[in-house]
Amino acid sequence: MSNKVIVPDIGDFENVEIIEILVKSGDVIKKNDSIITLESDKSSVEVPSTAEGVIENINVKIGDKVSKGDVLISVSGGTAEVKDEKIKSSKDKLPVDTEKIIQQAEETLEKKEEKVVTSKIDKKNETIIQVSKDGDIDQVETKEWLESLSAVLEKDGKNRAQFLIKQLIEHSYKEGSDLVLSRNTPYINTIKPEEEKKSPGDQNLERKIRSLIRWNAAAMVVRANKKNPELGGHIGTFASAATLYDVGMNHFWRAKNNKFGGDLIYFQGHSAPGMYARAFLEGRINEKELDHFRQEIKPGGLSSYPHPWLMPKFWQFPTVSMGLGPIMSIYQARFNKYLINRGLLKDEGRKIWCFVGDGETDEPESLGAIGLAAREKLDNLIFVVNCNLQRLDGPVRGNGKIIQELEGIFRGAGWNVIKVIWGSYWDQLLAKDKSGLLIKRMGEAVDGEYQAFKAKGGSYVRENFFGKYKELLDMVSQMTDKDIWKLNRGGHDPHKVYAAYHSAMENKGTPTVILAKTIKGYGMGKSGESMNTTHQQKKLDEKDLLYYRDRFDVPLTDEQVRNVQYYKPKENSPEIKYLNKCRIKLGGHLPERSSFAKAIRTPPQDIFSKMKESTGDKEMSTTMVLVRMLTNLMRDKNVAPRLVPIIPDEARTFGMEGLFQKIGIYAHEGQKYEPVDSEQLSSYREDIKGQVLEEGLTEAGAMSSWIAAGTSYTNHDISMIPIYLFYSMFGFQRTGDLAWAAGDNQTRGFLIGATSGRTTLAGEGLQHGDGHSHILSSVIPNCKSYDPTFGYELATIFREGLKRMYEKRENIFYYITTMNENYPHPEMPKEKNTEEGILKGMYLFKEYNRNKKTKIQLLGSGAILREIIAAAEILEKDYKIDSNVWSVTSYNELRKEAMEVERYNLLNPDKTPKKSHIENCLSSAEGPIVSASDYIRLNSDQIRPFIRKSFYSFGTDGYGRSDTRKNLRKFFEVDKEHIVAYSLSVLAKEQLIPSKYASDAMEKYNIDPNKPIPTKL
Ligand SMILES: Cc1ncc(C[n+]2csc(CCOP(=O)(O)OP(=O)(O)O)c2C)c(N)n1
Ligand SMILES: [Mg+2]
């Protein structure tokens, strides 16, 4: 039997070109093996076989144009796939009878017997049968309640009714119901005292250890500032969070070792001194290093905040730019699940903990992705919001309550919310609060008042908190002011914190947020406890230090305190033994950064060789070349599984929809619906094992995913290759701070600024037209940026990227711009140093030397290189001017290298000077230099200081706008005509030709010399 494989439904396309035939006659194939690659003018897609067996005949050849239903190959033996709806011609396919399916499904549903009482219920008649209607087991009772409510509404209005409902809910909650009937619960702890899981720890020892950590953390800041007040630092943040960190360190957070992948902890940036202080007790950091807090110029200094770049064996996550930690941690948790679902990582129940400041939650990035966390059921994620009620300048919500506000937001988004508001000393008072007045008072007081309560002492609290109601005053009448002062907050109570963490660890199906109420500057007394200035407090005078010592019983003499000495008990002291025992039990130290990821072998050249050939007349965009390259890479067994294509809702813009079917879109629930385009080859396919991360409209989220994937080599010891494609303007401009954090985090991967350029993305206008992303990327030291024009340049750069990042494991990442302009691509020039030049940033593309007379050097980059080439041809033909045309693939790379060489030469005046690549290319080249790109002049101006010759740069300075490419290039003066005119003008200025040529050219090309510069338009 012989079966034919035909072209399936390929959407709106007709006459699509065959660019590759992946099989040959005689091959044995299975169903779904790719047989042919089709390419429209926007995207390429592989066609899978619908039959299995031996290929008898291939009915098409490369270059053929085919449409739906055309026969591609004939296969003998085996069976044809007749069930595959996607591939089967839609003509033969029965339409899906949706109604019938629904009907069948309904028939299989279990029908619940339901007796419904329809007759009027007589209140006095007690012989009513119990029936259940929509969960109502007692309709009479329901009716009575509703009638009461109606009466209230009628008599006292809706506000009164609302009040009563709220009271009922609060009452039921207080009585032990855990049903949450609103997004907010009363202002008390979520976990009732009787439900608290008790900590197995030795509380005395833990308090001692915590006190030492507190002391040493404060001491390192004070000592640094005694040395030099420029150094700065923070005491107040960690002082408020010490218990939150300690309980985690002693009991919950498991380190990475050879048996377990490790929990991932995002420490709040300003609490860094606390982590150093603990590491000091653990013996991982010595006194000398503590004394080099914020003095990092010499090796051994400690960085101000968590910076993996500066402390690569210690910090794992850069968090100090507020808001980035939370969003990155959410996508980290999601990426963990992605790796697990794709079968690349073992599910070991690892958790991602993220510490967030309450002020930090104002950052859009902090809360912007919490919906995703709930939607994706990230029960591996735990947020701890340290609600010390203050940010830098003052209260976070002086007139409100940050904890209640966050509770509503997180619960509304679908998170498990655990409030840790009150410490154990309150338990007895709350137990006595039969009337609910205490809870009422707790709910009434706003955060501005709570802040003052802790700043002003026990008698103030008695008077202003309890004093509002006589009943409450009576309640505390037996307590001294000191007792009242001791009424602690949940976040400072290790029992309450332990119970919350334990509960969070057990939670299934949703992410958890712990809202812990604390005091900023806890223990700092008059010098900065709960004061508006606490955040900035970095100096403690002698009195403050003595107070701090006494408050936490630190065993130091007055003299030692005056010297701000660190305190570390002996190795065999109970404290150190306990501390170490806890960490040994949890598998090692934290934070600690390491990587045991294996290198990935660079794919062989032949995967890229097609890109180095000429495309003939065929026009393609560099974006298409990239997508083609990705498709090819999917055939490399080392690289394919590691590729993580990431797109924020732009796959179709970039012609990547072919990947949907081929590798699927990651969806943790698979696909619960038949996609509307299920009959098409590029149908929207979601799959639990899907490889593409289709993020939807969130560049910040996509960037966070890219960082999670690009740091997988350290967080999971498996290298992944993230390729994040975005509208180039919505990359560095939109999420530049995440790009900076990515650099700090030593992320490895590709960022692709697609549809790039200010004149190349023609129709989209001012907000889309990118004229400066290369400037923005240039400032990140470990980012390598390229602006290629031709397929072979892109292929060379991409392969090198794979080699350097994944084979050599260098901590760099690549930013490459690609365009959507279609044009033919020449073959790679044969000169053997072309590849080297492409990677260094420039190479000689072509020499125009027919006239052997006046010469000019023309440098072009990205989209504008083709204008430069066209200009060179005009100059040669019409004006008898020769030129060298240089393709500049990266002004950024050229500048970096030239800067390094110049520095070397200046620092080594006695040595033979080195020559930069720019000098090697241009120093002996004849004539002045004209350069242009689709970016602002600053892009090419980067190399100006390193060129000893006359240098003129042209670019797209000003706001972009929409029009045709031709018109835009004319407007920004980077079209071939302007380049010709400007070149002639430059040559005239250099006294190499008469100025008349330039004026004539301007007239010829209709160039108005009085037109205002585009920056003013
Ligand atoms: C993006 C960003 N903006 C501003 C800052 C400066 N800054 C550092 S900490 C801070 C206040 C933080 O308050 P909160 O989040 O409540 O943390 P806390 O110290 O109270 O725990 C500010 C404004 C920053 N680090 N990052
Ligand atoms: Mg705060």
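Is Y245 buried or exposed? Select Y245: the residue is buried, at a relative accessible area of 2% (buried means under 20%, exposed over 50%, partly exposed in between, with a 1.4 Å probe and protein chains only).

The model is predicted, with local features needing pLDDT of at least 70, side-chain atom pairs counting only at pLDDT 80 or more, and totals for chains, interfaces and linings using all residues. Residues are numbered from 1 along each chain as its sequence is written, chains are lettered from A and ligands numbered from 1 in the order in which they are written, and side-chain values use heavy atoms, without hydrogens and water.

Rings of Phe, Tyr and Trp (its six-membered ring) pair if their centres lie within 6.5 Å; planes under 30 degrees apart are stacked, over 60 edge-to-face and the rest tilted.

Move to Y724 and F726, where the centres are 4.7 Å apart and the planes are at 55 degrees, so the pair is tilted. Y724 is buried at 0%, and F726 at 2%.

Now select ligand 1. Its surroundings comprise 18 residues, and the closest are T237, Q268, D358, G359 and K520 (a residue is near if one of its heavy atoms lies within 4 Å). Show Q268: a polar side-chain atom is 2.8 Å from an oxygen atom of ligand 1. At G359, a backbone N or O atom is 2.8 Å from an oxygen atom of ligand 1.

Technical notes:
Polar contact = N/O pair within 3.5 Å; in protein donor to acceptor, adjacent residues only side chain to side chain.
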